[in-house]
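The sequence and structure come next.

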Amino acid sequence: MKKFILLTLTVLTVIAQNLIASNSLILTLEEEKQLDKIEEIGSKDLLQALRLVDTYIFQNTTDAPTLFLGKLYHQKGNLNMVQGRYADARNDYYLADQIFLKLKYSAGRTKALINLGTLYQMEKEYLKAENVYKEALKQAYLLSESEYLIPNILLNQANLFDEIGKSQQAIQQFKEVIELCKEDHQLTLKGRALHNLGNQYLKSNSIDSAFHYFNQSYNIKKLTDDHSGQINSLLAFAQIHLKENDFRQAELNYLKAEKIALSLKAYQDLVNVYNNLFQFHRSQKSFDKALEYHIKFKETEDQLKNNSHIKTVDFIEKNHQLALEQQLLKNEKEDQQNILIGVLIFMILFIVISVLLYRMQMLKAINAKQNEEKAKMEKELMETVQLRIEEHNQALQSDVAFKDKELTTNVMHLMQKNELINNVSEQLMQLDDPQMNADSRKKIRSIVYNLQTSGSDEIWKELEVRFEQVHHHFFDQLQQEFPNLTPNEKKLCAFLKLNLSTKDISNITHQSVKSIQVARYRLRKKLGLINSDIDFQTFLSKFDSGALTVQEVQDMY
């Protein structure tokens, strides 16, 4: 039963996801109208169309990608490419491709990638163009209706092969495009492929094949009223006739091309035709005609440049106006957002301040009463603590006095023990007779040495343990104030705190009285007591006095 429920939920989830995906790939009627409006305006005023598409993008940018937003970026890329703003166009196609990829919209991806590949090819980034065309072809094969897109991609690839010098691959690809273009709506594409194939054969001096394909392309261009394409075909025919030394026919083709270009006012094509006529008459040594067409060539070129300059200035002005409008639109939206945020912040602050003021009034009354009670309690606590401190310190002083007496008794006992060890050592030393054998003398001296050294160490260890039991913090406080004291000097301080005489210290440590006196002098110097009347007992009494502070007593309770 559980497995059946899980399977049912999985199927419903997949169906829901498919429904959402299919809905995300459908444009509303309003969105279709807006896209048509951009295309209509773009055929008349590119910059106005660009302003409009930027407005739509600004209004429809959301976290979730939509088909409409992807198509807007694609149209913006087309507009920028026509204007020659290739970097902007590339960025727009990137954004469109990313949106279509997220939506799994292969048709949109294919068209965006074709245009992106064309841009790379125009910028001579051939490797990138080739990779993009391959990806576009991969996407096109995923579509059910790809009879137009696939030949278009293959034609672009063939042109790319031609540019990078792969002639055989270009010829093969052009022929594949021609085979695929079987429908009437593909005639223009087929005509371009035939013309480019003719150029390949013309480069290899295969005149008959070149003429055959140029002628087929020319007939298609006449059928589809592609006048600009007819001019290119006529120039190609002229090149073939020149190679066949049929100069009369070549000139006629040039003149036909001139007539069509003049009727169209296609100045760029006219510049190309005049340049070809100039080169033709110069090669025929008809210098008057050559000069005539060279003058026409320069005049038309200057006119073209002038028109281009005017268009450039107009483009800059309109582009500046577009940037200003975009910035104003952005600023307006930011201002609206800032106003909304400001209102929200003001409302939040008003509510917070009101609540805080009310709570402050309430807390003020409560705190006044609590402070009064707290002050009374603190006073009673301080009196109790002070009393406990006094009682505890008195107890400590009594305990320390008792332990000091006990420690002094222990010291006296240790001194007697040490004196006994010294007497035994002296008696053993008297046995050290030069007439004894060397091993016996060595053993006696070893015993004496061990008695004195081990006895001294054991006495000090026992004394140190007992001393620290009475004066817990003595060594820590002494180390904190005089960190440079040596262990022997600290030991001497302990003896002096117990008010032991120099002789007593000498007996305990097995050092001479003179050595102890020198050590006392050095210690007095380190403690800063050379020019002072303070004795060691008084000075050392301040370390580990045994009294407690208020905080220590509070911590105890």
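What share of residues 339-358 is helix, what share is strand, and how far apart are the end C-alpha atoms? Over residues 339-358 the chain is 100% helix and 0% strand, with 29 Å between the end C-alpha atoms; helices (H or I, at least four residues) and strands (E, at least two) are DSSP runs, numbered from the N terminus. An unreviewed UniProt entry annotates residues 339-358 as "transmembrane region", and such annotations, given in the numbering used here with shortened feature names, may be inferred rather than shown by experiment.

The model is predicted, so that local features need pLDDT of at least 70 and side-chain atom pairs count only at pLDDT 80 or more, while totals for chains, interfaces and linings use all residues. Residues are numbered from 1 along each chain as its sequence is written, and side-chain values use heavy atoms, with hydrogens and water left out.

The structure holds 1 cavity of 30 Å³ or more, a cavity being a set of points, on a 1 Å grid over the protein atoms alone, where a 1.4 Å probe fits but cannot get out, with lining residues having an atom within 4 Å of a point. The largest cavity has about 30 Å³ of space, a volume being the space filled by probe spheres set on the points. Helix H10 (187-203) and helix H11 (207-223) each supply at least two lining residues, and H10 gives the largest share, 4 residues.

The structure holds 0 disulfides (pairs of cysteine sulfur atoms within 2.5 Å).

| Cysteine | Relative accessibility |
|---|---|
| Cys181 | 3% |
| Cys493 | 0% |

Terms used: 1 Å grid on protein atoms, 1.4 Å probe; cavity = no way out; pocket = protein on both sides within 12 Å on 5 of 7 lines; lining within 4 Å. Buried < 20%, exposed > 50% of the residue type's maximum accessible area, 1.4 Å probe, protein only.
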